[in-house]
Amino acid sequence: MKEINLTTKISVYPIGECSEIEKKLINEAKRVALAAYAPYSGFKVGAAVLLESGQIVTGNNQENAAYPSGLCAERTAIFYATANFPAQKVEAVAIAAFHNGEFTQDVIPPCGACRQVLLEVENRFKNSIKILMYSQKDVYVANSVRDLLPLSFGEEMLK
Ligand code: THU
């Protein structure tokens, strides 16, 4: 028997140490979180996607009475980005969540399905996507979706 250790790196920034564009992206994620449609969970998530042009597109979670028909903020935002700007690389995604009357004290990492979708976009454009996970305390930063999804399944396995 042998073991494989998969290591990953997450940087933790005080919000004040983020760059101006990162702060702007985070503020967009916070802004759009408040417009989420989350009557069932009360958990409002916002995602802001930075394109290579500098344009920012946003999305939030959209819930449904038939629960599985809803969609997370990250996929709402990233699918909007690739649907409307199919030639634009995605540079970064910021995520923020509002719950119980405040932005969360702990970061909200993307769910597994959103990680898989973000990985596809990273592979599609051959460009690492920086993931910024906001909380009131600090911001977790992953420099690639791969850091959030070790041992991932991707298109190369279908060849
Ligand atoms: N949700 C997101 O939008 N993104 C995440 O990263 C985690 C969960 C949504 C799905 C659902 O509408 C609500 O948050 C509670 O799970």
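I began with the side chain of serine 135, where a polar atom lies 2.9 Å from the backbone oxygen of aspartate 138, and I found that this side chain also reaches the backbone nitrogen of lysine 137 at 3.1 Å. I took a polar contact as a pair of N or O atoms within 3.5 Å, where within protein one must be able to donate a hydrogen and the other to accept it, and residues adjacent in sequence count only if both atoms are side-chain atoms.

I note that this is a predicted model, in which local features need pLDDT of at least 70 and side-chain atom pairs count only at pLDDT 80 or more, while totals for chains, interfaces and linings use all residues. Residues are numbered from 1 along each chain as its sequence is written, and side-chain values use heavy atoms, with hydrogens and water left out.

Is serine 135 buried or exposed? Serine 135 counts as buried because its relative accessibility is 1%, where buried means under 20% relative accessible area, exposed over 50% and partly exposed in between (1.4 Å probe, protein chains only).

For glutamate 63, an N or O atom of the side chain is 2.5 Å from a ligand oxygen; for glutamate 74, the distance from a polar side-chain atom to a ligand oxygen is 2.6 Å; and for asparagine 61, it is 3.0 Å.
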